[in-house]
Amino acid sequence: MRITCNGEEYTVEEGKRISDFIQELGLAADTLVVEYNDRILSKEERETMILGEGATLELIRFVGGGSRSC
Amino acid sequence: MLTIAGRTFHSRLFLGTGKFSSAAMMNEALLASGAEMVTVALRRIDLEDPQDDIMSILDRTRFFFLPNTSGARDAGEAVRLARLARASGGGNWVKLEVTPDPRTLLPDPVETLKAADELVREGFIVLPYINADPILSLRLQDAGAAAVMPLGAPIGTNKGLLTGYQIGIIIEQSRVPVVVDAGLGAPSHAAQAMELGADAVLVNTAIAVAGDPVRMAAAFALAVQAGRDAYEAGLGEQREEPSASSPRDGLDFLR
């Protein structure tokens with residue numbers, strides 16, 4: 001099954017929970033925010049929801065900074 | 001003591017967290033500044049380097065994280081960032097910044113007002129970053145902003161209080177705290193903003209790019225304190241006519 005996470009394509013097995021996918025990426029769940037198909041997920045939803053075919057995931061966290069020239 | 005949206009702060013110096021050479025430097029500078037309010041941005045996690053979490057070094061019992069919507073080019077993007085910030089569990093405060101032009105980094109007044117309306121409606125505590133436009137400042141207060149953050153000069157220029165006159169008007173007319181934010185390049189600029197009556201200042205670049213950021217952070221803290229003390233002590237007026245400091249009589253022995 002193919003999904004897109006942070007702009008990159010990933011192949012994941014059927015029935016993979018979002019929280020497991022995040023953990024396998026080496027990320028601590030409590031410091032990040034998840035958008036799934038343009039919707040912000042609650043922490044609960046991350047634990048229970050399964051990734052769907054073609055889904056788009058965005059994993060966002062706080063970083064140092066403010067507006068700056070790119 | 002400074003109060004914004006019912007929350008008190010001992011320090012009137014707010015710090016941004018960008019442009020520091022390392023997480024450790026950022027943390028030391030923040031500690032040296034005495035700041036409690038620090039702004040943070042939201043970005044996609046770099047999956048090539050998942051452990052790179054610069055903010056994890058900061059003690060969140062000591063620093064109050066104010067998420068900003070930096071990077072937003074319009075109200076829609078700003079609102080989306082604000083909602084993401086809130087979903088992280090850190091509270092409902094947001095520094096609203098909408099900067100569509102990467103060359104000037106100036107805030108878009110129309111999109112800022114639009115986003116502020118929406119975010120206030122959604123229950124956020126909104127601190128909007130604006131050009132030093134007194135009318136816009138009043139409109140944002142009417143919309144429910146908890147403070148206003150007018151710029152001294154464009155972000156990163158270190159040019160100081162280019163907008164001093166307009167900031168004076170904003171301060172005079174404001175019903176909410178005024179935080180001068182952006183362009184303050186030296187402690188003297190921060191002191192000047194505080195002497196005008198600003199409630200606080202936000203500094204990032206001037207400290208992060210200083211030769212010794214930790215020392216500069218401490219210098220800014222002193223300046224903010226000095227400026228505020230001067231304001232509260234009641235500054236003497238500027239005069240056209242010189243007037244002697246010493247008595248004019250008792251000089252006959254000299255003549």
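From the N terminus on, the elements of chain A run β-β-α-β-β-α-β, where helices (H or I, at least four residues) and strands (E, at least two) are DSSP runs, numbered from the N terminus. This is a predicted model, in which local features need pLDDT of at least 70 and side-chain atom pairs count only at pLDDT 80 or more, while totals for chains, interfaces and linings use all residues. Residues are numbered from 1 along each chain as its sequence is written, chains are lettered from A and ligands numbered from 1 in the order in which they are written, and side-chain values use heavy atoms, with hydrogens and water left out.

Chain A holds 2 helices and 5 strands. Its C-alpha atoms fill a box of roughly 40 × 25 × 20 Å, taken along the principal axes. Of the 70 residues in chain A, 46% are buried; buried means under 20% relative accessible area, exposed over 50%, and partly exposed in between (1.4 Å probe, protein chains only). Contact means heavy atoms within 4.5 Å. Among contacts in chain A between residues at least 6 apart in sequence, 51% join residues at least 24 apart.

An α-helix has 3.6 residues a turn, so residues three or four places apart point the same way.

Two packed helices are described by the angle between their axes and the distance between the axes. Here, axes are lines fitted to C-alpha atoms, for helices over the stretch in contact, and angles run from 0 to 180 degrees between N-to-C directions. For α1(B) and α8(B), the angle is about 25° and the axes are 7 Å apart. The two helices α1(B) and α8(B) are therefore roughly parallel to each other, given that angles under 35 degrees count as roughly parallel, over 145 as roughly antiparallel, 65 to 115 as roughly perpendicular and the rest as oblique. On the α1(B) side, Met25(B), Glu28(B), Ala29(B), Ala32(B) and Ser33(B) meet Pro213(B), Val214(B), Ala217(B), Ala218(B) and Ala221(B) of α8(B). The residues of this contact divide into 8 nonpolar, 1 polar and 1 charged; Ala, Val, Leu, Ile, Met, Phe, Trp, Tyr, Cys and Pro count as nonpolar, Asp, Glu, Lys and Arg as charged, and the others, Gly among them, as polar. Just after α1(B), Gly34(B) takes a positive phi of about 75°. Gly34(B) is also in contact with Arg62(B), as are Leu31(B) and Glu36(B). Arg62(B) lies in the loop between β4 and β5 (64-67) of chain B and, at 34% relative accessibility, counts as partly exposed.

Pro134(B), Ser137(B), Leu138(B) and Gln141(B) of α4(B) make the contact with Gln166(B), Ile169(B), Ile170(B) and Gln173(B) of α5(B). This set divides into 4 nonpolar, 4 polar and no charged residues. Within α5(B), Gly164(B), Ile167(B), Ile170(B) and Ile171(B) are buried. Seen down the axis of α5(B), they fall within an arc of 115°, so they line one face of the helix. On the other side of α5(B), Tyr165(B) and Glu172(B) are exposed. The cover over the buried residues of α5(B) includes α4, β8 (149-150), β9 (179-181) and α6 (187-196) of chain B.

Finally, some loop residues of chain B deserve a look. Ala5(B), in the loop between β1 (2-4) and β2 (7-9), has a positive phi of about 45° although it is not a glycine. At 42% relative accessibility, Ala5(B) counts as partly exposed. Leu105(B), in the loop between β6 (93-96) and α3, likewise has a positive phi, near 55°, but counts as buried at 5% relative accessibility.

Definitions and conventions: The arc is that of the directions from the helix axis to the C-beta atoms.
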